[in-house]
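Reader: I have a model open on my screen and would like to understand the words used to describe it. Could you take me through them?

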Amino acid sequence: MTTGLIAIAVALAIGVSTIGPALGMGNAGGKALEGMSRQPEMMGQLRTNMILAFAFMESLTIYGLVLAFMLMAKM
């Protein structure tokens with residue numbers, strides 16, 4: 001019983017921690033491309049800021065993965 005509940009918690013941790021950053025990355029990427037198409041001279045600065053934003057969003061997913069590993073250690 002406990003193993004099953006931990007497995008469900010692991011699945012939820014991975015799923016919930018992935019959906020938010022994925023939506024955020026899609027939104028940020030789309031807005032950055034829109035900004036680049038409107039002002040091509042700002043392309044370098046927009047790209048740098050977009051990559052930094054992606055790194056910060058990806059760290060949220062990594063926190064969920066670490067939590068899932070910690071839960072799996074309890075199995």
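Author: Happy to; here is how a few labels follow from their cut-offs. This is a predicted model, so local features need pLDDT of at least 70 and side-chain atom pairs count only at pLDDT 80 or more, while totals for chains, interfaces and linings use all residues. Residues are numbered from 1 along each chain as its sequence is written, and side-chain values use heavy atoms, with hydrogens and water left out.

Reader: Why is Ser17 called buried?

Author: Buried means under 20% relative accessible area, exposed over 50%, and partly exposed in between, with a 1.4 Å probe and protein chains only. Ser17 has 13%, so it is buried. Other buried residues of H1 include Ala13, Pro21 and Gly29, and helix H2 (43–73) is part of what covers the buried residues of H1.

Reader: Why does Val16 count as exposed?

Author: Val16, also in H1, has 58% relative accessibility and therefore counts as exposed.

Reader: What does Ser17 touch beyond four places in sequence?

Author: Contact means heavy atoms within 4.5 Å. Leaving out residues up to four places away, Ser17 touches Leu12, Leu60, Thr61, Gly64 and Leu65.

Reader: How do you know whether Leu60 and Thr61 are buried or partly exposed?

Author: Both are in helix H2. Leu60, at 47% relative accessibility, falls in the range called partly exposed, whereas Thr61, at 16%, is buried. Beyond four places in sequence, Leu60 touches Ser17 and Pro21, and Thr61 is in contact with Ser17, Thr18 and Pro21.

Reader: How far apart are the C-alpha atoms of Leu60 and Gly20?

Author: They are separated by 8.7 Å, although Leu60 and Gly20 are 40 residues apart along the chain.

Notes: Helices (H or I, at least four residues) and strands (E, at least two) are DSSP runs, numbered from the N terminus.
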